[in-house]
Protein chains: 2
Amino acid sequence: MRIGILGATGAVGRQMIQCIEERNLDVEELRLFASERSLGKTLPFKGEEIPLRIVEEGCFENLDYVLGAVSNALSKEYAPMIHKAGAVYIDNSSAFRLEDAVPLVVPEINGEDALKHEGIIANPNCSTIITLMAVAAIQKISPIKTMVASTYQAVSGAGIGGFGELTSQVQGVLNGKEIECNVFPKQIAFNCIPMIGSLNEDGITSEEAKMQNEGRKILHNPNLKVSCTCVRVPVYRSHSISVSLQCEKAITVEEVEAAIQNFEGVEVFKDGFPTPLESSNQDIVYVGRIREDVVFDGGITLWCCGDQVRKGAATNAVQIMEYLDTHKV
Amino acid sequence: MRIGILGATGAVGRQMIQCIEERNLDVEELRLFASERSLGKTLPFKGEEIPLRIVEEGCFENLDYVLGAVSNALSKEYAPMIHKAGAVYIDNSSAFRLEDAVPLVVPEINGEDALKHEGIIANPNCSTIITLMAVAAIQKISPIKTMVASTYQAVSGAGIGGFGELTSQVQGVLNGKEIECNVFPKQIAFNCIPMIGSLNEDGITSEEAKMQNEGRKILHNPNLKVSCTCVRVPVYRSHSISVSLQCEKAITVEEVEAAIQNFEGVEVFKDGFPTPLESSNQDIVYVGRIREDVVFDGGITLWCCGDQVRKGAATNAVQIMEYLDTHKV
C-alpha cells in the first residue's frame with residue numbers, strides 16, 4: 001500500500017501513523033502532509049524518520065489511499081486533487097459524510113458500503129462511532145426506533161490543543177493562576193461544557209445532529225430518532241455515552257449482552273461499569289450498566305466508552321483502508 | 001431560633017452554618033455536633049467561635065430545630081433523641097425520605113408538605129433537588145409523564161473527602177505519581193465513573209432510584225417514570241443534569257422558558273449553556289439548552305446545573321427550617 005496522511009502532525013494524524021505501524025500493514029510508501037511550519041521536520045514510522053511535506057501540485061501521484069485528518073475546508077480543497085491522482089480518499093472531516101455518493105463507514109457495522117465508493121469514503125463522527133459500536137450489535141436483534149443519548153466527550157475531540165488547554169487550566173486552578181480559554185468556549189478544567197460545535201435554528205448543536213444523521217446512514221435506518229445532548233468533560237482521550245433506547249420489538253438484558261459479546265470490536269466490560277480511562281489507548285469499545293429502561297417499554301439503558309482518537313477516528317479510518325485493500329477486485 | 005447541626009465539620013454541615021449566617025436568621029443559639037475527634041475544636045459563626053460537641057444524653061434539650069448532615073445509620077440513631085427533646089429534625093440523609101409520615105421537601109416546590117410533619121422532615125437527594133427545580137416549573141404547565149436523565153455529579157457529593165481525592169489525584173497524574181482511590185471506586189481525576197451508590201437487583205444504583213422515587217413524592221406525581229444514569233465527573237461543587245421529558249400535553253420551548261422564569265430559585269442562564277462552574281457558590285439552579293425533544297412528541301430537552309453543597313443540600317435544609325419558622329402556628 002502507498003499511503004498519504006493529511007494533517008499528520010495532529011492528534012488523529014499521529015494516531016493514524018501509530019495504527020498503521022501497530023497493525024503491521026504492508027506499506028510500500030508513507031507520505032506525511034502537514035502545514036508549512038512543519039517543513040524540515042520529520043515523524044517516526046517503523047524506525048525511520050519520514051519528512052513532512054506540504055500539499056502541492058502532483059503530491060498525491062502514485063498513492064493508493066489518502067487518509068485525511070484536516071478541517072472541512074481543507075478536505076474540500078484537497079479531495080479533487082486526490083481524485084485526480086487516482087487515490088481513494090478516506091476523510092475524517094464532516095465535509096462529505098452525508099453526501100449520497102460518499103459511503104459513511106464503520107467497518108464492523110457496514111464495511112460493505114465502503115466498496116460502493118466513488119473516490120471518497122467518510123469516517124463518521126467520533127461519538128457516533130463509539131455509540132454505534134454498542135448499538136449496531138443491538139440492531140442485530142431488532143431495528144432501533146429511538147435513542148436518547150447524553151455524551152461525556154474528552155478534550156481530544158478538539159485535537160492536540162484540547163489536551164494542552166486542559167492540562168494548563170488544571171495547573172492554573174491548582175496554583176491559583178488566571179485561566180485562559182482558547183480551544184473551548186469556557187473553562188474545561190473541573191467543569192463540563194454542554195456546547196460542542198455550533199447551534200442550529202432548532203437549538204441543536206452540529207455535534208448533536210451528527211448522532212442522528214450519521215446514525216441513520218450507517219445503520220441503514222432512515223427512521224431512527226435520536227435525542228442527544230453533547231457535553232465536553234475534563235477527560236483526556238475517551239468519549240463516554242449514556243444511552244436509553246427502544247427497538248421495534250422488546251429486547252432483554254440477556255439478549256443485549258449476548259449480541260454485544262458476538263459483535264467484533266465491542267465488549268461488555270468485566271466489572272460492568274467501564275470508565276473512559278479504562279477504554280483509553282486501545283481499540284475496543286466497552287459497554288456496561290446494561291439494564292431494562294424505566295421509560296421505554298422493552299427498551300434498554302446502557303453506558304459505553306471508547307478511545308476517541310483511536311476507534312473514534314484514526315483506527316476506524318485505517319480499518320476502512322484495510323477493508324478496501326482486502327476486498328479489492 | 002435555637003438550632004443544632006449534626007455533622008457540623010463536614011462539607012454540608014459547614015455550608016449549613018454559612019447559609020444560616022448569610023441569610024441573617026434570628027439565631028438565639030447554635031449548637032454544633034461532630035465526632036469525638038473534633039472535641040476541643042471550634043467553628044466560626046457571626047464572629048464568634050462555637051465549640052464543637054458530641055451527641056450525648058440531653059444534648060438536644062431546648063433546641064427548636066436540628067439540621068442533620070450525617071450518615072443514614074447515625075441519623076436513625078439520633079432521630080428518637082431529637083424527637084424526645086421536642087426539636088424538629090431536618091435530615092439530609094436518605095434514612096427517612098420515603099416514609100409516609102416524613103415530608104420530603106423542596107420549599108419552592110412543595111413547602112406546604114413540611115407543615116404536616118410528625119417531627120422529621122427529609123431533605124431530598126442532591127441531584128433530585130437540582131433536576132426538580134427545573135422540572136417542577138414545567139409541571140405547572142402540564143404533569144410530567146416520563147423523564148430520561150443523565151447526571152454529571154461533582155465530587156462534593158461524597159463530602160469533604162471527595163474534594164481532597166480529586167485534587168490529590170489530579171496532582172498525582174500531572175506529576176506522574178501513583179494514584180490512590182479511597183473515596184471513589186475508580187480514579188476520578190480526568191475520568192467519569194458511572195456508578196454512584198450500590199446496585200439493586202435490576203442493575204439500577206441507589207442514586208439512580210432516588211430520582212424516580214423522590215421525584216414522585218415531591219411532585220405528588222405517583223406515575224412519574226424516570227430512567228436515570230448517575231455519573232461522577234471531575235468537578236468540585238455543582239451537579240449538572242441532561243434531561244429529556246414528556247408531559248401529559250405537548251409543551252413548547254417558549255412555555256418552558258416562561259415557566260422557569262416565573263419559578264423562584266431557578267433561572268434560564270444568560271448565554272443558554274450554563275456550566276457547573278458558573279452555578280457554584282450560589283443558590284440559583286441554572287437551566288439552558290432548552291429545545292424540542294427529538295424522541296418525545298411535544299417533549300423538551302434541557303440541561304440544568306446547581307450547587308450540590310448549597311441548593312442540593314445545605315441551603316435547602318435551611319430553607320425548610322425557615323419555612324417552618326415562618327409558618328408556625
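**Where the chains meet**

Analyst: Let's start with the contact, which takes 44 residues from chain B and 45 residues from chain A. Keep in mind that this is a predicted model.

User: Which elements give two or more residues to the side of chain B that touches chain A?

Analyst: Several strands of chain B do: strand 8 (144–152), strand 9 (225–229), strand 10 (238–247), strand 12 (285–292) and strand 13 (300–307). Helix 5 (160–174) and helix 8 (276–279) of chain B are on the list too.

User: And what classes of residues has that side got?

Analyst: On the side of chain B that touches chain A there are 22 nonpolar, 15 polar and 7 charged residues.

User: What rotation superposes chain B on chain A?

Analyst: A rotation of 180°, with 0.0 Å of shift along its axis, and the RMSD is 0.0 Å. That is the relation of a two-fold axis. The same surface serves both copies, since 100% of the contact residues of chain B recur in chain A.

User: OK, new topic. How many helices and strands does chain A have?

Analyst: Chain A has 9 helices and 13 strands. Its radius of gyration is 20 Å, close to the 20 Å that the globule rule gives for 329 residues, so chain A is as compact as a globular protein of that length. Along the principal axes, the C-alpha trace of chain A spans about 60 × 60 × 40 Å.

User: What share of chain A is buried?

Analyst: Buried residues make up 56% of the 329 residues in chain A. Another number to go with that: take the contacts in chain A with a separation of 6 or more, and 66% of them come from residues 24 or more positions apart.

User: Can you show me some helices packing? At what angle do helix 4 and helix 9 of chain A pack?

Analyst: Helix 4 (residues 126–139) and helix 9 (residues 310–326) of chain A pack at an angle of about 90°, and their axes are 8 Å apart. An angle of 65 to 115 degrees counts as roughly perpendicular, and therefore helix 4 of chain A and helix 9 of chain A are roughly perpendicular to each other.

User: Which residues meet there?

Analyst: From helix 4 of chain A you get A:Cys126, A:Ile129 and A:Ile130, and they meet A:Lys311, A:Gly312, A:Ala313 and A:Asn316 in helix 9 of chain A. By class, this contact has 4 nonpolar, 2 polar and 1 charged residues.

User: What about helix 4 and helix 9 of chain B, at what angle do they pack?

Analyst: In chain B, helix 4 (residues 126–139) and helix 9 (residues 310–326) pack at about 90°, with axes 8 Å apart. That makes helix 4 of chain B roughly perpendicular to helix 9 of chain B.

User: Back to chain A. Where is A:Gly157?

Analyst: A:Gly157 is in the loop between strand 8 (144–152) and helix 5 (160–174) of chain A. 

User: Is A:Gly157 buried or exposed?

Analyst: Buried: the cut-off is 20 or more other C-beta atoms within 10 Å, and A:Gly157 has 23 C-beta neighbours inside 10 Å. Leaving aside neighbours within four places in sequence, A:Gly157 is in contact with A:Cys126, A:Gly162, A:His239 and A:Gln308. As for A:Ala313, which is 156 residues from A:Gly157 along the chain, the two C-alpha atoms are separated by 9.3 Å.

User: And A:Gly4, where is that?

Analyst: A:Gly4 is in strand 1 (residues 2–6) of chain A. A:Gly4 is buried, with 26 other C-beta atoms within 10 Å. Neighbours within four places in sequence aside, the contacts of A:Gly4 are A:Arg31, A:Phe33, A:Phe60, A:Leu63, A:Val66 and A:Ala87. A:Gly4 and A:Tyr65 are 61 residues apart in sequence, and 6.3 Å apart in space from C-alpha to C-alpha.

User: Last one: what is the phi of B:Phe190?

Analyst: B:Phe190 has a positive phi of about 55° although it is not a glycine. This residue is in the loop between helix 5 and helix 6 (206–218) of chain B, and B:Phe190 is buried, with 24 other C-beta atoms within 10 Å.

User: And the phi of B:Arg289, what is that?

Analyst: B:Arg289 has a positive phi of about 50°, and it is not a glycine. B:Arg289 lies in strand 12 of chain B and counts as buried, with 24 C-beta neighbours inside 10 Å.

How values were computed: Residues numbered from 1 in each chain as written. Chains lettered and ligands numbered in written order. Predicted model: local features only at pLDDT ≥ 70, side-chain atom pairs only at ≥ 80, totals over all residues. Contact = placed C-beta atoms within 7 Å. Helix = DSSP H or I, 4+ residues; strand = E, 2+ residues; numbered from the N terminus. Nonpolar A, V, L, I, M, F, W, Y, C, P; charged D, E, K, R; others polar. Rg over C-alpha atoms; globule rule 2.2 N^0.38 Å. Buried ≥ 20, exposed ≤ 12 C-beta atoms within 10 Å, placed from the backbone. Least-squares fit on C-alpha atoms with pLDDT ≥ 70 in both. Axes fitted to C-alpha atoms, helices over the stretch in contact; angles between N-to-C directions. Parallel < 35°, antiparallel > 145°, perpendicular 65-115°, else oblique.
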